[in-house]
Amino acid sequence: MGDPNVGKSVVFNRLTGAKVMESNYPGTTVDYTRGYMRLDGKDVEIIDVPGTFSLEPKDKAEEVAVKMLRENRDSIIICVIDSTKLERGLYLALEIIEEGYPIIIALNMWDIAKDKSIQIDVKKLEKVLGVPVVPTIAVSGEGIKELVSRIKEASPPDIKRVVERAGGVK
Ligand SMILES: Nc1nc2c(ncn2[C@@H]2O[C@H](COP(=O)(O)OP(=O)(O)OP(=O)(O)O)[C@@H](O)[C@H]2O)c(=O)[nH]1
Ligand SMILES: [Mg+2]
């Protein structure tokens, strides 16, 4: 899950081993795609969905994303965030956390954030949210291994504690 154009499909391709898209591929995802990735020696299904800014869909693509989320209640959610638009990305992540899905966050576009001198305290973010947060550069593959290795740390977050912790961080 993630906002539009944050790199979800490139992450998906990395995880499934699908051929990586051209970096300027004009491929806005409007439907979902299923694939498989290897996790702990097992093939697990992974679904690439269109982008959505929130869980209240505003168009057809967003409807598909939210429907897939609701239909796959037992899934682990990989929430992809554009590191240069952290606040916007966290809006959706918090909505998903609030609904109690196990979640791991990929802080994608980490290269662009670096170029723009945007600094994100990843450890602090992890502590506040209580979920794993991994910087990634999907186009180069950086961080993808760590993302995979930490998927099993995704557990249903305790929303009360997230709110408490957020209140305590300046
Ligand atoms: N610089 C940089 N570009 C990236 C990164 N990840 C993805 N991109 C580029 O960002 C653009 C969007 O990537 P997609 O994977 O199509 O994004 P998406 O989130 O699937 O987009 P929608 O399905 O339309 O919501 C593409 O041009 C990618 O090559 C990254 O980490 N760094
Ligand atoms: Mg896509």
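Predicted model: local features only at pLDDT ≥ 70, side-chain atom pairs only at ≥ 80, totals over all residues.
Strand β4 covers residues 103–108, and six of its six residues are buried, so the strand is largely enclosed by the rest of the structure. Buried here means under 20% relative accessible area, exposed means over 50%, and partly exposed lies in between, with a 1.4 Å probe and protein chains only. Strands are DSSP runs of E with at least two residues, helices are runs of H or I with at least four, and both are numbered from the N terminus.

Residues are numbered from 1 along each chain as its sequence is written, chains are lettered from A and ligands numbered from 1 in the order in which they are written, and side-chain values use heavy atoms, without hydrogens and water.

Which way do the residues of β4 point? Ile103, Ile105 and Leu107 point one way, Ile104, Ala106 and Asn108 point the other way, and all are buried.

Let me turn to the neighbours of β4. Two strands pair if DSSP finds at least two bridges between them. Strand β3 (residues 77–82) runs parallel to β4 and is joined to it by six bridges; Cys79 has Ile105 as its bridge partner. Strand β5 (residues 133–135) also pairs with β4 in the parallel sense, over three bridges, and here Ala106 is partnered by Val134.

Next, the cores. A nonpolar core is a set of buried Ala, Val, Leu, Ile, Met, Phe, Trp, Tyr and Cys residues joined through side-chain atoms within 4.5 Å. The largest has 29 residues, and Met1, Ile96, Ile103, Ile105 and Leu107 have the most contacts inside it. Two or more residues come from each of α2 (60–71), β3, α3, β4 and α5. A second, separate core of 17 residues includes Phe12, Ile104, Ile144 and Ala154.

What does Ile96 touch, leaving aside its neighbours within four places in sequence? Taking contact as heavy atoms within 4.5 Å, Ile96 meets Met1, Leu55, Ile77, Cys79, Tyr101 and Ile103.

From C-alpha to C-alpha, Lys116 is 8.1 Å from Thr84, although the two are 32 residues apart in sequence.
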